[in-house]
Amino acid sequence: MMESLFYMAGFVAFTATVLSLSRTNATHALIYLIISLLAVAVMFYLMGAPFAAALEIVVYAGAIMVLFVFVIMMLNLGQAGEQRERQWLAPRIWIVPTLLALILLVEMALAITQISGTTSGVEVTPKEVGLTLFGPYLLAVEIASMLLLAGLVGAYHLGRRSIDRSRQS
Amino acid sequence: MNLAAMQGLLPLLVLGLGAAVLMLQISIRRQLGWSYAITVATLLLGAAAMEPAMQVAPLQVTPLLRVDNLGLFFGSLFCLSGAVTAVISRDYLRSREGENEEYFLLLLLSTLGAVILAYSTHVAALLLGLELLSVALYALIAYPERGTLPLEAAIKYLVLSGAASATLLFGFALIYAALGSLEYAEIAVQISAGRAATSPALILMGAAMVFAGLGFKLSVVPFHMWTPDVYEGAPAPISGFLAGVSKGAVFIAVLRWFLESGFFQYSSLLAGITLLSIASILVGNLLALLQTNVKRILAYSSIAHLGYLLIVLVAAGVSPEPGLAVEAGGYYVVAYVITTLAAFSLLGLISRQSGDREYDQLSDLAGLFWKQPGLAALFTVALLSLAGIPLTAGFIGKFYLISAGVDAALWGLLAALVIGSAIGIFYYLRIIYTMTTVGEQANPGTTADMLVGSRLVVYLLIFAMLYLGIVPEPLMGYLRTIL
């Protein structure tokens, strides 16, 4: 039972990714990409990694994708943009993503209420993740902090460059 | 983590602390001189911290890193190379206004990544080190505020490097699926325990993907497409760092990965590496013949040199006693890093007042011998060393490689090495010839305003290349004791 739920989530992830790649409209592609990330989160959950599943939703489907959508929408300001937006988000566009998301919702509901156990046989709780990260992998956390610093400083420098340019013009 | 572990990690701690101090300094008051001084001091201290760390080596610190002589030696080599890059960059940045303090911060972080790579004995450490090295480099490549060439180079590097990291991760995931471990030593145990036999295809595929991902960073043919464009677009000191330190660090990581996780028993993997090596040597050298841009020539030459270095991997895998091959690899990396830094340092130094463009065309070097003899001498020694002419570090490195290859009876690879070196001599000598011609040249050409630090570094690099070529015995003996 658990396995069949897992493969169904895998199928949803695969379908959503293929649809996302084949859309010509960036907004539609993003909607499918979000579905794909949600499906991957469900797969993580079924495998017994609820923490990874939550991160997948919070970080990828949540923060990063919302940022994407904002940027795309912000590029289309004005009356014409509004018109185009309404056209993009026409109801029939939502049918397939809603269906895919519904499958995931039903799966989640089943997994939480009806079935216990995981496909991998082990459950990794958030507590265990924390203990590992700040136990044997403490140095990895430290190195990752340096990595973030490098990314931040680099982004600051490159971003400043484009701000300067827009001020000049 | 106890005191011994702290002592072992001292080089990393020094670099991390230096980065934090530098960041605070920039946020309190922007002053290029201070940033420069902190960076160079940190890197030199990081190199010197090898001494106390060596007293506790070998020591495994958490599953991620191991403090041993190999890692410490190359870690300090990368620190020193970072310091050389910083000194050259100071001269290079003088005429390029803007907020240049972050440049040094990124350079420090990038060096930290390289040192972590030299220490890593776990897939997670390898990946984090690699990403730290690369992420800082993306920004450094795109650092110049004017011109689109650096941006183009950075985006090329970013996209392709991201794809390479994804390939690498996927490979590790396959190996993890088959063996259930991410630690090198544990992987070796699992392979020798016969657990690999249940899914050989998975492991082989994983190992091939890992090698492809790392091969991109090493710019081995056919993953080399980005190299000339990125080197051409990046500021000259950063091209040197990219070619020398980044490749050297990744090679050391690859060497460790292969030696410690027991992948040498897969003969098809070795056959693949042999093919890549021959292709790199021939393609790199042949394409270098067609270039008129010195940075592109050096880029193709670095592709060829990495092809030579891959011989070490094959030799270590084939021969029952990998000691000689590893030793040859160590020596070659040292010689290659120093020589590459020297060659790109020259390009950085002659471009120090060139404004938006760099003097990197072959014609820009015309008459350099008569106008800036000291720099021309540096470049000549570096080119001779790259070509493998006796009395330079490159010659001994190549000699070492050939003896390791003969020891393992790799005749095909050796033939490629000889042919490649013969082609190489032509384009290296062509640059030297151009420097001696008396021609019209755009380069204002005076060494009078060079900073003291840069002068010192130029002399040091010339000395190091000649010393390693004339008296190789001390380094050889040292490498023999630590490997």
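**View 1. Polar contacts join chain A and chain B.** Five residue pairs, both members at pLDDT 80 or more, are in polar contact across the interface of chain A and chain B. A polar contact is a pair of N or O atoms within 3.5 Å; within protein, one must be able to donate a hydrogen and the other to accept it, and residues adjacent in sequence count only if both atoms are side-chain atoms. The side of chain A that touches chain B has 14 nonpolar, three polar and four charged residues. Here Ala, Val, Leu, Ile, Met, Phe, Trp, Tyr, Cys and Pro count as nonpolar, Asp, Glu, Lys and Arg as charged, and the others, Gly among them, as polar.

This is a predicted model: local features need pLDDT of at least 70, side-chain atom pairs count only at pLDDT 80 or more, and totals for chains, interfaces and linings use all residues. Residues are numbered from 1 along each chain as its sequence is written, chains are lettered from A and ligands numbered from 1 in the order in which they are written, and side-chain values use heavy atoms, with hydrogens and water left out.

**View 2. Salt bridges cross the interface.** Side chains of opposite charge can pair when their charged atoms come close. The rule finds two salt bridges between chain A and chain B. A salt bridge is a side-chain nitrogen of Lys or Arg within 4 Å of a carboxyl oxygen of Asp or Glu. R160(A) pairs with E145(B) in a salt bridge, with the closest N and O atoms 2.6 Å apart.

**View 3. A salt bridge links distant parts of chain B.** R30(B) and E101(B) form a salt bridge; their closest N and O atoms are 2.8 Å apart. R30(B) sits in the loop between helix 2 (10–28) and helix 3 (32–48) of chain B, while E101(B) is in helix 6 (residues 101–119), 71 residues apart. Helices (H or I, at least four residues) and strands (E, at least two) are DSSP runs, numbered from the N terminus.

**View 4. Two cis peptide bonds in chain B.** One joins A57(B) and P58(B), with omega about -5°. P58(B) is in the loop between helix 4 (50–54) and strand 1 (59–61) of chain B. Another runs from V221(B) to P222(B), with omega near 5°. P222(B) lies in the loop between helix 10 (200–217) and helix 11 (226–233) of chain B.

**View 5. A positive phi at T62(B).** Phi of T62(B) is near 55°, a positive value in a residue other than glycine. T62(B) is in the loop between strand 1 and strand 2 (65–67) of chain B.
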